[in-house]
Amino acid sequence: MRIGLHQRAERQRGTPGTTPVRQDTALAELHRTAGNAALSRLLAPAAPRERESAPDERESVHLQRIATHEGGSYDAQDRPGERGPFFVAQGPAPRVAMGGGGEPRDIRERLRYELAEVGPADAPLRVADDGTLAVHGVAEPKEFYAVQAVVDSANEALRAVGSTVELVAGGRSIGVGAHRLLRVRPSVVRDATDKSQLGPFVSLLRSTCISVACSLIGSEHAKRAQAVLGGGDGNFLLTPNSDSDARANRLADAVAGDTASTLDVDGAVAAADGAHTPGPDLGRRYGEATRDGGRDATEQRLGINKYASPGPGDGFAIFSMLAQDGLDHSVAPAAERGEDVWGYHFAAVVARSLDGTCQVTLENYARNEFDAKARSELYEVLLQRANASRGWFAQLKPLLESDDQHAFKAKFDEVLAALVSDPEVRKKRGMPRLQLQQDFEDHTCRSWFFRVYGGGPGESFHEQQAASGYFNNPMTLRVARPQPGMNSAAQ
């Protein structure tokens, strides 16, 4: 979930990105969503690499785990029986588009995140070190490719936690190195409806980041997850409000104060579950303490930040620790991130490379900002058509010359009701406009995307999200389905 400092509510812009210079170029969008380090790796010429000899656990975090394979550099020849697109690109912002069928019935102009097929020649891949999975190197990929063993092990883990999804492989395949990888997409298996399974991409039934992640890790509550510390020996409940979580804040306070590097898992859990109020200016203290590896040993011991490494069925949660001056003190010099600072973001892990070094997340986010902006554009399109008596509006009485967009919105229900023939939509005042809104909200539930994270420099979830510019003084935790009977008392 992303929170602007000026608006404490679920917002839209999906995955994080660079500091708030909002350019609408493909590179800027990739920068916003993949982070600085990921962007530089994706754009740098890179040939497929020989796999390193098996490292020990202490070395693994220092090795590159994700390689870039440029479009056209891998085998994507058509094979008998295979069909459908190799890749689909999802537009970065909604557009006014002509609808057709479905809801709202008879209303043709709608808001859509446009989809476009992309051929393998134009599709770079981010490939796991062992070659067993690959993700399209764009901002919000709608599929990933993997060997069947990756899919099978992922589904076993997802079923074990009672996830709402499973992975389905097939339709297309590509050859990357020594492996033949299958196209993988999600399918809803729990809480599914006939409507959720329709369309080119399944509806995850929710769009906000925490609600999606909680359903994918099997939580029975849309905003409740269990933080997991160390190797799983310590845990505490997370129940974030609109912009933060009190237990996460108390843990950050304990990490900031651990100057002697003595904080262990039990102490961290006790601090998180305690009743104390963090000391003054938590964000600044925590950011400066963790900057440049200042609490690296503590982070490794607790399994937080770049050391958080969930498997399928678990997930990531990253929280901003806000400083009094509004700056990000985890970098030097302290950085101004602008208004679009996220309070937190959750992402569920749904697959992992066979060697365990790369994770694939399935994510979404509340898209309210884009909704409002695009809805205003949609109203303007409808207003212009009404004034010109074109299309639908040829049958209507002309609007008053003095009617601006605001006045048109006030008449919106009546205008649409005159055009809609479906009695279920027409019979209730306000229903046409609600149908249009519900249609877009359902569409955003289908606007999920995959992302790949690794264990090399700059590749972890924490590092990519921190580099995005959407978090101040961030802390990343591994999260899982809450254990039965976990305390959910007020924080």
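**Figure 1. Pairing of strands β1 and β4 in the predicted model.** Strands β1 and β4 pair in the antiparallel sense over four bridges; two strands count as paired if DSSP finds at least two bridges between them. Strands (E, at least two residues) and helices (H or I, at least four residues) are DSSP runs, numbered from the N terminus. H69 stands opposite L125 in β4. From β1, I66 and T68 point one way, whereas A67 and H69 point the other way, and all are buried; buried denotes under 20% relative accessible area, exposed over 50%, and partly exposed in between (1.4 Å probe, protein chains only). This is a predicted model in which local features need pLDDT of at least 70 and side-chain atom pairs count only at pLDDT 80 or more, while totals for chains, interfaces and linings use all residues. Residues are numbered from 1 along each chain as its sequence is written, and side-chain values use heavy atoms, with hydrogens and water left out.

**Figure 2. The open sheet of six strands.** The strand order is β1-β4-β5-β6-β8-β7, with antiparallel pairing. Because β1 (66–69) and β7 (165–176) stand at the edges, each with a single partner strand, one side of each is left without a neighbour in the sheet. Neighbouring strands are turned by 30° against each other on average, direction ignored; axes are lines fitted to C-alpha atoms, for helices over the stretch in contact, and angles run from 0 to 180 degrees between N-to-C directions.

**Figure 3. Strands β4 and β5 with helix α4.** Strand β4 (residues 125–128) runs antiparallel to β5 (residues 133–136), and three bridges join them. Within this pair, V127 stands opposite A134 in β5. Helix α4 (residues 148–161) packs on the sheet and touches β5, β6 (144–146), β7 and β8 (179–188); contact means heavy atoms within 4.5 Å. The direction of α4 makes about 170° with that of β7.

**Figure 4. Surroundings of L477 in the largest nonpolar core.** A nonpolar core is a set of buried Ala, Val, Leu, Ile, Met, Phe, Trp, Tyr and Cys residues joined through side-chain atoms within 4.5 Å. The largest such core has 78 residues, of which L251 and L477 touch the most other members. Leaving aside neighbours within four places in sequence, L477 is in contact with residues including A227, L229, F236, L238, L251 and I304. Apart from this core lies another, of 10 residues, among them A308, F316, V349 and Y453. Over the chain of 491 residues, buried residues make up 54%.
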